[in-house]
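Subject: Structure handover

Hello,

Here is the structure for you to look over. My notes follow below it.

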Amino acid sequence: MLPLPGSPASSWEMFTARLKAAFNGPNVRVCTAFWLFGLINNVLYVIILSAALDLVGPNVPKAVVLLADILPSFFMKLCAPYFIHVVPYSLRVVLFAITSAWGMLLIALSPPSVDAGTITTKMAGVVLASLSSGAGELSFLGLTHYYGDMSLAAWGSGTGGAGLIGAGAYAIATTTIGLSVQTSLLASSFFPIIMLLSFFLVLPRTPLRRTVETENHDERSESQDGIDDHTSREDQGLLSDHSDESIRSKTRLGPHNQPKSWTENLARNLRRSRGLIIP
């Protein structure tokens, strides 16, 4: 923070020392990887909005592109937190890259005409890119938990840079360089490769592996404790005849204590989330 004028710490040397101390220690590879995550995860969104007029023509409302680019991402952010944790991060990143690249290829390889069928195909590609962006935002923000505060700062910086870089790159490609809209969008479909390289080559995954191993060890310990407790209760039942029925009555699940399936849990969580939209 910049010192207040006139305060004892208002010298430029003190400010630079504090600034160096704030950035002293963060892993450069972690900051680079998360900056690229934020950039690539959002840059396709910006490029699609920049190309809205070229995608649907002057006779179709540009809000069609905006809705197709925002609504799928919104619903993904609303629903995915209840089940996405069962998918490993490495598989998620691969799926995000494939889905976003597939969406951009659908847009880029569609005919340049603006008839209903072509626009539908392009909007399907926009929806795929939007779904990938929404799920990617959830996952990469969750991934910052394992890498500290600077990873979150780098992610935020990357998302901010996506607006400038995405719009600027599309404008330069189509006006200064003179590439066609299809060629520019086709080139942008290769951007998700940077996401794969950032996760599998740049990001040090030791903190993530260490945390996963610790969680698995804790789960095994809790499971073993449950088995030991169940065995001790069985031994007590063998020693006393009257305790057998009481043990069975305690361990018997009632209709309200039955384990719920993941679909029931998802439906219950969605009902709870409805209050975020409808007061």
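How many salt bridges does the count come to? The count comes to 1 salt bridge. Keep in mind that this is a predicted model.

The salt bridge joins the side chains of Glu 137 and Lys 77, at 2.9 Å from N to O. Glu 137 sits in helix 6 (residues 116–143) and Lys 77 in helix 4, so the pair ties together parts that are 60 residues apart in sequence. Both ends are partly exposed. Glu 137 has a relative accessible area of 23%. For Lys 77 the value is 33%.

Now helix 4 itself. It covers residues 63–79, which is 17 residues. From first C-alpha to last, helix 4 reaches 24 Å. That is close to the 24 Å expected at 1.5 Å a residue. Which residues of helix 4 are buried? They are Val 65, Ala 68, Asp 69, Pro 72, Ser 73 and Leu 78.

Next, the aromatics. The structure holds 9 aromatic pairs. One of them is Phe 34 with Phe 37, an edge-to-face pair. Their centres are 5.4 Å apart, with 85° between the planes. Both residues belong to helix 2 (residues 28–50). They are 3 residues apart there, so about one helical turn separates them.

Phe 140 is buried, with a relative accessible area of 1%. Trp 155 counts as buried at 6%.

Which residues do ring pairs link into a cluster? The cluster holds Phe 34, Phe 37, Phe 96, Phe 140, Tyr 147, Trp 155, Phe 199 and Phe 200. Both pairs described above have their residues in this list.

Arg 92 lies over the face of Tyr 89. The distance from the ring centre is 4.2 Å.

Best wishes

Methods. Residues numbered from 1 in each chain as written. Predicted model: local features only at pLDDT ≥ 70, side-chain atom pairs only at ≥ 80, totals over all residues. Heavy atoms only, no water. Helix = DSSP H or I, 4+ residues; strand = E, 2+ residues; numbered from the N terminus. Expected span 1.5 Å × (residues − 1). Buried < 20%, exposed > 50% of the residue type's maximum accessible area, 1.4 Å probe, protein only. Salt bridge = Lys/Arg side-chain N within 4 Å of Asp/Glu carboxyl O. Phe/Tyr/Trp six-rings, centres within 6.5 Å; stacked < 30°, edge-to-face > 60°. Lys NZ or Arg CZ within 6 Å of the ring centre and 35° of its normal.
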